[in-house]
Amino acid sequence: MFRSLLKKFIRLTLKKIRYLTSLHNIINFQNEISQIKKSHKIIALVMCNPGQQQFFEDIYRLSLKNKKKYYFFLVNDFDVKEAEKTDLFRPLKLITPSIYQYINGVDLALHTEIHCRSWNVKDVCFIGHGFPGKHTEYSVKNLNSFNHYFLYGPRDRDILNFVTKDNPDCVKQIKFHEVGYPRYDSQINNTFKAEALEKELGLDQSLKTILFAPAWDPGGALRKYGVELFDKFGKMRGYNVIIKLHPASTVSKRSKDYMFYTGGVNWMQVLNGIGEKYENIYVYWQQKINHLFKISDVLVTDFSGVTMGFFLEDKPVVNIDCPEFYETTLPSLGSDGELSRSNNLFFEI
């Protein structure tokens with residue numbers, strides 16, 4: 001009886017401590033924002049995992065050239081360690097939604113995910129995290145959550161027109177900005193130092209190079225055939241094999257969506273073991289993938305949007321068929337798997 005009461009007391013005490021700590025953090029950050037707002041525009045960079053920092057970088061660099069004063073901070077679904085920040089964003093403060101939802105005074109919020117939220121911000125912009133595709137349904141709740149939208153090109157607009165054809169008013173509040181896709185500028189302009197990257201990875205330059213870059217999703221190649229594929233690649237001694245996972249596949253256990261993104265597998269641990277086991281396999285952990293296209297001769301993937309970027313190199317792509325993704329995963333998320341697979345708007349390969 002005493003032990004049970006003690007456990008209950010400890011639980012309640014810890015809960016109260018967490019509440020007071022959170023309240024303290026909210027008050028401190030709000031005071032900080034209120035002070036900075038006197039001289040700066042406040043911009044929130046809202047994401048769901050640390051791998052999405054890369055999609056803010058072009059915007060942030062552009063702001064540094066602007067004479068106007070901006071104060072940026074990061075928002076992520078879980079606490080991010082300093083080592084998980086990119087070099088560019090290491091100086092920025094990062095908070096979680098548990099604090100962000102109570103903060104006032106933010107002038108603009110940029111979202112990488114369509115389901116991100118900024119509760120007290122008037123101007124909210126969806127900037128995306130790669131070319132849209134696969135999903136044939138967008139919820140009205142998500143579309144109503146922002147009033148600015150970055151369009152990569154005509155395909156983006158066609159997809160939006162399609163998914164809102166029965167309810168066009170759900171996007172009437174949105175101002176569209178045709179920004180293109182700056183992340184491909186360096187790739188198209190060939191400013192990458194390919195030889196330096198090959199040397200960094202330690203590639204055997206006498207061999208052709210395969211790039212394996214699967215999607216993170218349930219029903220995709222990584223989740224269905226991962227270790228089996230890694231072993232097959234390792235036995236292809238006549239090729240270099242670079243393995244580049246989607247950042248969501250290696251999301252921290254601190255994420256509330258860890259199981260959804262990873263299937264409960266520590267892919268970083270698995271691949272570190274694979275890299276040690278096979279001399280021809282090179283695991284790449286940096287966020288960006290575009291520069292790997294330059295040093296790869298063929299891309300192996302499933303339904304990942306990286307296919308579209310690799311096509312710019314005029315090199316072959318091998319796609320692994322993943323029927324479970326279309327037959328089970330997409331319908332479970334409210335999309336039409338058959339339509340996604342057959343309609344060129346969504347079928348990325």
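The exercises below concern aromatic pairs, nonpolar cores and a pocket in a predicted model.

**Exercise 1.** Classify the ring pair of tyrosine 152 and tyrosine 181, and state where each residue lies.

Solution. The ring centres are 4.5 Å apart and the planes stand at 55°. Planes under 30 degrees apart count as stacked and over 60 as edge-to-face, so a pair at 55° is tilted. Tyrosine 152 is in the loop between β6 and α5, while tyrosine 181 is in the loop between β7 (175-178) and α6 (185-188). The pair therefore ties together parts that are 29 residues apart in sequence. Both tyrosine 152 and tyrosine 181 are buried.

**Exercise 2.** Classify the pair of phenylalanine 162 and phenylalanine 346, then decide whether each residue is buried or partly exposed.

Solution. With 5.4 Å from centre to centre and 70° between the planes, the pair is edge-to-face. Phenylalanine 162 belongs to helix α5 and phenylalanine 346 to the segment after α14 (337-342), 184 residues apart. Buried means under 20% relative accessible area. Phenylalanine 162 has 22%, so this residue is partly exposed. Phenylalanine 346 has 1% and so counts as buried.

**Exercise 3.** Describe the largest nonpolar core and the contribution of α1.

Solution. The core has 41 residues; Phe29, Phe73 and Phe146 are among those that touch the most other members. Helix α1 (2-36) gives the most to this core, with four residues. Another core, of 24 residues, lies apart and includes Leu222 and Leu330.

**Exercise 4.** What lines the second largest pocket?

Solution. The pocket holds about 950 Å³ of space. Its lining has 38 residues, with Ala83, Glu84, Trp285, Gln286 and Gln287 nearest the centre. The lining divides into 13 nonpolar, 13 polar and 12 charged residues.

Terms used: Residues numbered from 1 in each chain as written. Predicted model: local features only at pLDDT ≥ 70, side-chain atom pairs only at ≥ 80, totals over all residues. Heavy atoms only, no water. 1 Å grid on protein atoms, 1.4 Å probe; cavity = no way out; pocket = protein on both sides within 12 Å on 5 of 7 lines; lining within 4 Å. Points joined across faces, edges and corners; volume = space filled by probe spheres on them. Nonpolar A, V, L, I, M, F, W, Y, C, P; charged D, E, K, R; others polar. Core = buried A, V, L, I, M, F, W, Y, C linked by side-chain atoms within 4.5 Å. Buried < 20%, exposed > 50% of the residue type's maximum accessible area, 1.4 Å probe, protein only. Helix = DSSP H or I, 4+ residues; strand = E, 2+ residues; numbered from the N terminus. Phe/Tyr/Trp six-rings, centres within 6.5 Å; stacked < 30°, edge-to-face > 60°.
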